Amino acid sequence: MPSGVSFVPVDFEADSLAMCLIQSGFDPSRAALFSWLAVTMYLTRAAIGQTLAEISGLAAGTELIADYMLLAPLRDADGNTFVELIMPVAVEHGEPWLTLLTPQDMSALLAEHGFGQAEHVRQRDQINPELWNRSDSLHPIDLSVVVRATVGGHDR
Ligand SMILES: C[S@@+](CC[C@H](N)C(=O)[O-])C[C@H]1O[C@@H](n2cnc3c(N)ncnc32)[C@H](O)[C@@H]1O
């Protein structure tokens, strides 16, 4: 483990992300990268919005990489099968998926909470397309989308 790593407990439904980070030594005057993967689906829309607002209030150039689960009509057959299999297990473990979104929903949430344009990237487009030419059964599915947005107008 690198010596500079800190673990900071945060409940996105109740806590201020920025305050928790700052109290633990985070410097809000410097741009940072927020990798927020596989979390939004477990949160209420309000908690996602509140967290986006906190991140968009940080230093210009701060970058957010997050993902979100697609609503059923936007998933492909494999994406729907995954949800049908996993959702009951997640509920059984007390971690239901609370928020599923369209790219338009996510762009609207980002805009409402201080971000400009966002870039949405489907799973099949997240890596070099040639790497999907495989002999095994691993293939991209339409289930979740990665979104990228930057504080202060550096969006693509
Ligand atoms: C599927 S894991 C993803 C973990 C990690 N981000 C990754 O990509 O490996 C989902 C994470 O969401 C966190 N989570 C769910 N609800 C949360 C909440 N209200 N506040 C903070 N974290 C939460 C869980 O603790 C868990 O670590």
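A polar contact is a pair of N or O atoms within 3.5 Å; within protein, one of the two must be able to donate a hydrogen and the other to accept it, and residues adjacent in sequence count only if both atoms are side-chain atoms.

## The ligand and its surroundings

This is a predicted model, in which local features need pLDDT of at least 70 and side-chain atom pairs count only at pLDDT 80 or more, while totals for chains, interfaces and linings use all residues. Residues are numbered from 1 along each chain as its sequence is written, and side-chain values use heavy atoms, with hydrogens and water left out.

With the definition of a polar contact in mind, one can turn to the ligand. A nitrogen atom of the ligand is 2.9 Å from a polar backbone atom of L37, and a nitrogen atom of the ligand also lies 2.9 Å from an N or O atom in the side chain of D11. For V10, a backbone N or O atom is found 3.5 Å from a nitrogen atom of the ligand. The residues that surround the ligand are V10, D11, F12, E13, L37, A38, V39, Y42 and L43, where a residue is counted as near a molecule if one of its heavy atoms lies within 4 Å of it.

## The chain as a whole

The chain contains four helices and four strands, which are DSSP runs numbered from the N terminus, with helices (H or I) of at least four residues and strands (E) of at least two. Read along the sequence, these elements follow the pattern α-β-α-β-α-α-β-β, and the C-alpha trace spans about 45 × 35 × 35 Å along its principal axes.

Of the 156 residues in the chain, 35% are buried; here buried means under 20% relative accessible area, exposed means over 50%, and partly exposed lies in between, as found with a 1.4 Å probe on protein chains only. Among contacts (heavy atoms within 4.5 Å) between residues at least 6 apart in sequence, 78% join residues at least 24 apart.

## The sheet

Strands of a sheet pair through backbone hydrogen bonds, either parallel or antiparallel. In this model, an open sheet of four strands has the order 1-2-4-3, with mixed pairing, and two strands are said to pair if DSSP finds at least two bridges between them. Strand 1 (33-36) and strand 3 (119-122) are the edge strands, each of which pairs on one side only. On average, neighbouring strands of this sheet are turned by 20° against each other, with direction ignored; axes are lines fitted to C-alpha atoms, for helices over the stretch in contact, and angles run from 0 to 180 degrees between N-to-C directions.

Strand 1 and strand 2 run parallel and are joined by four bridges, with F34 standing opposite L64 and S35 having I65 as its bridge partner. Strand 2 and strand 4 pair in the antiparallel sense over seven bridges, and here L64 has A149 as its bridge partner. Strand 4 (residues 144-150) is also joined to strand 3 by four bridges, and these two strands run antiparallel, with V121 partnered by V146.

## Helix 2 and the strands beside it

Helix 2 (residues 45-56) packs on the sheet, where it touches strand 1 and strand 2 (63-69), and its direction makes about 165° with that of strand 1. Strand 1 has a covered face, formed by F34 and W36, and an uncovered one, formed by L33 and S35. Five of the seven residues of strand 2 are buried, so this strand is largely enclosed by the rest of the structure.

## Two residues in loops

T40 is found in the loop between strand 1 and helix 2, and at 0% relative accessibility T40 counts as buried. A polar atom of the side chain of T40 lies 2.6 Å from the backbone oxygen of D67. Leaving aside its neighbours within four places in sequence, T40 is in contact with I48, D67, Y68 and T99.

N128 lies in the loop between strand 3 and strand 4, and N128 is partly exposed, with a relative accessible area of 40%. The side chain of N128 reaches the backbone nitrogen of E130 at 2.9 Å.
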